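Subject: Structure for you to look at

Hello,

Here is the structure I said I would pass on. Please open it first and keep it beside this message while you read.

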Amino acid sequence: MSEGKCFLSDCEPCDSSSQSSMISVRLRDMEDSTEHSVEYEKCSVFHCAHSKCNLVLGDSLGACGEVKSLKSIICLKISKDVRVRGKLEMNKEGPLKFCTYNVLECSGCRRFVGFVLHSTPHHLSSLRGLYLLLKEAVNCYMLKSCIIVNASKLRFEHRPLGRSISEMKEDLEAQLKQVNLLKDMLDSRLGHCHLPLSSTVSD
Amino acid sequence: MAQQIDYVGHKDDTYVISEGLSVADSSSKVEDDGEGDSDAPAIFLCGKCRLPFGDSLSWAGSDDQQNQILLKCVNDNIVIGKEPFVSGTSEEQRCLAVHLTCRGCSFKLGHMYMSTPKSLDYKRSIFCLMVENIESYVLGSPDQQVAAVDREERPVTLEYMDNVEQQMTKIKSLAVTIGQRLLEIEVDLQCKSGTT
Ligand SMILES: [Zn+2]
Ligand SMILES: [Zn+2]
């Protein structure tokens, strides 16, 4: 509500019909843009970092984040040129302690480029079955800028949306309050009972 | 007091609406999964050693007759030759160009016209690459393998999160507009009630 107020003072008084049509345009705009709003300028393509190989291993459209402790990128999709080795490996120490996993290898150079966790302790269980590409084994070609950097120099973190959502919820709740207030004002006007409206509105 | 209860009721409604939205979102995501994006960009690689050198975001056209694609910019994986050579078979098309080679394997990838007659001006000083000597990779290619994880347990991609964030920003600004409008109505109502 306070936000609305400061906006009102900022803006020149505008024609209300154009304003409401603006709202509907923006609503429509929101519906339309659900399909194609990928910012390709921010995308990158993952290549095997082994010199002289450069095979495409996947791209950022298939990436879901990163696991810092395993120094790897979480991928939902990867190129068919990445082979999942059939043999189940296991670790007794290190970050993969007590895990069993299948090794991912580049079909170009047969190097180890990542793994798929099969069985894990509790803290890694949400990663089971997903492709984990070792950042060190991946070079990223960044679209638009054409720059190539090793993935270990990049971040693939999720930006938490929780705060944004709760802020928006607060905004909307404030608006709802305002609508209710307006409704009361209208009701009282229609009911011809003149309450001291100004005092209820001012806070 | 009555208003308070009313308010809680509305709040519940709001929650249901937002739930509905998220369902719609996930279904649209399913569609996204089904078909590959037709307007997704491609990156271009050396046909021999697969070093990436450019992408279709700097697309400058193509010459289908000569089987060339034209790019405005590339990275330093393309070496621009120093020795100009005479290009063009016909007298009319004759001009000077330099070779473009791959930094990784010296494979000849194309050329750049340093000077052009009028008919070739659209190719001057940009990168002309021979389609038969290069490879391409389309982002989000449907030709990928998908992790064997139940649909419900699949994490969302970073790109999907970006999309949600964008939508949120739009909704936020919409909320501001609505708030502004509400305030106008409030002021309006106040004025009118003042006169009666
Ligand atoms: Zn490789
Ligand atoms: Zn090459």
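Below is what was found in it, taken topic by topic. Please bear in mind that this is a predicted model.

Metal sites

Start with the zinc ion (ligand 1). Which residues hold it? Its protein donors are Cys48(A), Cys53(A), Cys106(A) and Cys109(A), each through its SG atom. These donors lie 2.2 to 2.3 Å from the ion. The angles among the four donor atoms run from 102 to 116°, and the site is tetrahedral because all of the angles fall between 85 and 135 degrees. For orientation, the ideal angle for four tetrahedral donors is 109.5 degrees. Along the chain, the donors follow the spacing C-x4-C-x52-C-x2-C.

The zinc ion (ligand 2) is held by residues of chain B: Cys46(B), Cys49(B), Cys102(B) and Cys105(B). Here too the donor atoms are SG, and they lie 2.2 to 2.3 Å from the ion. The site is tetrahedral, with angles of 98 to 115° among the four donor atoms. In sequence, the donor residues are spaced C-x2-C-x52-C-x2-C.

Cys105(B), at 27%, counts as partly exposed. The cut-off that matters here is 20%, since a residue is called buried when its relative accessible area is under that value.

Chain A as a whole

Chain A has 203 residues, and 42% of them are buried. Its secondary structure consists of four helices and eleven strands. If you take the contacts in chain A between residues at least 6 apart in sequence, 43% of them join residues at least 24 apart. The accessible surface of the chain is about 11,500 Å². Carbon and sulfur atoms account for 56% of that surface.

Helix 3 of chain A

Helix 3 of chain A covers residues 162–190, which is 29 residues. From its first C-alpha to its last it reaches 42 Å, close to the 42 Å expected at 1.5 Å a residue. The buried residues of this helix include Met168(A), Gln175(A), Leu176(A), Leu182(A) and Met185(A).

Asp187(A) is partly exposed, with a relative accessible area of 39%. Lys183(A) is partly exposed as well, with a relative accessible area of 48%.

Salt bridges elsewhere

How many salt bridges does the structure hold over all chains? There are 17. As background, side chains of opposite charge can pair when their charged atoms come close.

Glu105(A) lies in strand 7 (residues 100–106) of chain A and Arg83(A) in strand 6 (residues 82–90), so the pair ties together parts that are 22 residues apart in sequence. Glu105(A) is buried, with a relative accessible area of 5%, whereas Arg83(A) is partly exposed at 38%.

The pair belongs to a network of salt bridges that links Arg83(A), Arg85(A), Glu105(A) and Arg110(A). Leaving aside its neighbours within four places in sequence, Glu105(A) is in contact with Asp81(A), Val82(A), Arg83(A), Arg85(A), Arg110(A), Arg111(A) and Val113(A).

In chain B, Arg181(B) forms a salt bridge with Glu184(B), and the closest N and O atoms are 3.7 Å apart. Both residues are in helix 2 (residues 158–195) of chain B; they are three residues apart, so about one helical turn lies between them. Arg181(B) is buried, with a relative accessible area of 19%. Glu184(B) counts as buried too, at 17% relative accessibility.

Regards

Note on methods
Residues numbered from 1 in each chain as written. Chains lettered and ligands numbered in written order. Predicted model: local features only at pLDDT ≥ 70, side-chain atom pairs only at ≥ 80, totals over all residues. Heavy atoms only, no water. Donors = N, O, S within 2.8 Å, 3.2 Å for Na, K, Ca; no water. Tetrahedral: all angles 85-135°; square planar, octahedral: opposite > 155°, others 65-115°. Buried < 20%, exposed > 50% of the residue type's maximum accessible area, 1.4 Å probe, protein only. Helix = DSSP H or I, 4+ residues; strand = E, 2+ residues; numbered from the N terminus. Contact = heavy atoms within 4.5 Å. Areas by Shrake-Rupley, 256 points an atom, 1.4 Å probe, with all protein chains shown as cover. Expected span 1.5 Å × (residues − 1). Salt bridge = Lys/Arg side-chain N within 4 Å of Asp/Glu carboxyl O.
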